[in-house]
Amino acid sequence: MEVGRLPISATLRGKLISAGYTTLSSLASVSPSDLARELEISNNEAFEVLKFASHGSRLDRPDGSGAIVNGAETAWDMLHKEQLLPRITTSCADLDNLLGGGINSSEVTEIGGVPGIGKTQLGYGFLLIQLAVNVQIPGAFGGLGGKAVYIDTEGSFMVERAVQIAEACIEDMTDYSVLVKKNATPHQVQIQPKDILENIFYFRVCSYTEQIALVNYLDKFITEHKDVKVIIVDSVTFHFRQNFDDLALRTRLLSEMALKLMKLAKKFNSAVVLLNQVTTKFAEGSFQLTLALGDSWSHSCTNRIILYWNGDERYAYLEKSPSLRSASAPYSVTCRGIRNSTSSNKRTKMI
């Protein structure tokens, strides 16, 4: 249960969310005096909030008891489930091979890039839109036939690019149908660019409080809008790198949001793709490039992909994965979207 559903005033709910208390579990170990001091409210108000939160936690449990542990599953079941997980193609064979077939559902994947890789629609911005389109490829063509949620924190989403990629995706499906069904009646591609755009649910957020509130709202939204199979946040970093003097607060807010996104991925069998920004940190006597939000955030994602230049060619490096080896693969960005590299060397390079 979320704090937004507690029977308290909107002002108190806003203060709780702004302070990082977005779920009832985050209030479980807080004392009334500490909560009153942090939210700048009276002790009586803090006591009432915690009383409602405690009551709500009991209601959330099926038997009303304190048991919150679900039944175990065997390792064999886990392996079978993982093998059946659908993946979203990137439209680049080398990149798909690097990722074991594409972006994995039920997992959180973080994407970042070195300066100059071209975020604004010419690099990872283009890749995010590609995923929002490709998740809609029908099952008859090897896709998921799903929908996309696109959360834009920087205002960098360009619908014109989405139209171009959607048109190219439909052309690719038509070509694929003809190629595979040479001696039979090919599948008819009935989807239109308009249909693809209508299945990308776009949200523009302008502050970290809006971002947190939206992530908390997604559970209800996806329940009402079936078949959302990818949640994209472009970028997860932007509002958390500004005006944050209290780093402990930022860490708590990010941890709560990361936990919520992981739960959404598991609950709805959806891929969560987060764009991160690049910063520098001092390590081993020199400044090194790293993804933003610190070391604690780096453990919040299942997979991490770093985009970089190798000469005049773009490469993707799989830095982190629980089941795949670290490797790099080339890719190209064209007016049709993400595609195979134009280089003659198409083999994935193992690191």
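Predicted model: local features only at pLDDT ≥ 70, side-chain atom pairs only at ≥ 80, totals over all residues.
Local features need pLDDT of at least 70 and side-chain atom pairs count only at pLDDT 80 or more, while totals for chains, interfaces and linings use all residues. Residues are numbered from 1 along each chain as its sequence is written, and side-chain values use heavy atoms, with hydrogens and water left out.

On a 1 Å grid over the protein atoms alone, a cavity is a set of points where a 1.4 Å probe fits but cannot get out; grid points are joined across faces, edges and corners, and a volume is the space filled by probe spheres set on the points. There are 2 cavities of 30 Å³ or more.

Now for an open space. A pocket is an open set of points with protein on both sides within 12 Å along at least five of seven lines. The second largest pocket has a volume of about 430 Å³ and a lining of 18 residues, with Lys81, Leu85, Ser106, Glu107 and Lys266 nearest its centre. Helices (DSSP runs of H or I, at least four residues) and strands (E, at least two) are numbered from the N terminus. Both α4 (75-84) and α10 supply at least two residues of this pocket's lining, and α10 gives the most, with 5 residues. By class, the pocket lining has 8 nonpolar, 4 polar and 6 charged residues.

Helix α10 (residues 247-268) also packs against helix α9 (residues 208-224), at an angle of about 15° and with their axes 11 Å apart. Axes here are lines fitted to C-alpha atoms over the stretch in contact, and angles run from 0 to 180 degrees between N-to-C directions. Angles under 35 degrees count as roughly parallel, so α9 is roughly parallel to α10. In this pair, Tyr208, Ile212 and Val215 are among the α9 residues that meet α10, whose partners include Leu253, Met257 and Leu261 (contact means heavy atoms within 4.5 Å). The contact of α9 with α10 has 10 nonpolar, 3 polar and 3 charged residues.

Finally, the backbone. Most residues other than glycine have a negative phi, and most peptide bonds are trans. Ser106, in the loop between β2 (103-104) and β3 (108-113), has a positive phi near 65°. The peptide bond from Asp234 to Ser235 is cis, with omega near -5°, and Ser235 is found in the loop between β6 (228-234) and α10.

Note on methods. 1 Å grid on protein atoms, 1.4 Å probe; cavity = no way out; pocket = protein on both sides within 12 Å on 5 of 7 lines; lining within 4 Å. Parallel < 35°, antiparallel > 145°, perpendicular 65-115°, else oblique. Nonpolar A, V, L, I, M, F, W, Y, C, P; charged D, E, K, R; others polar.
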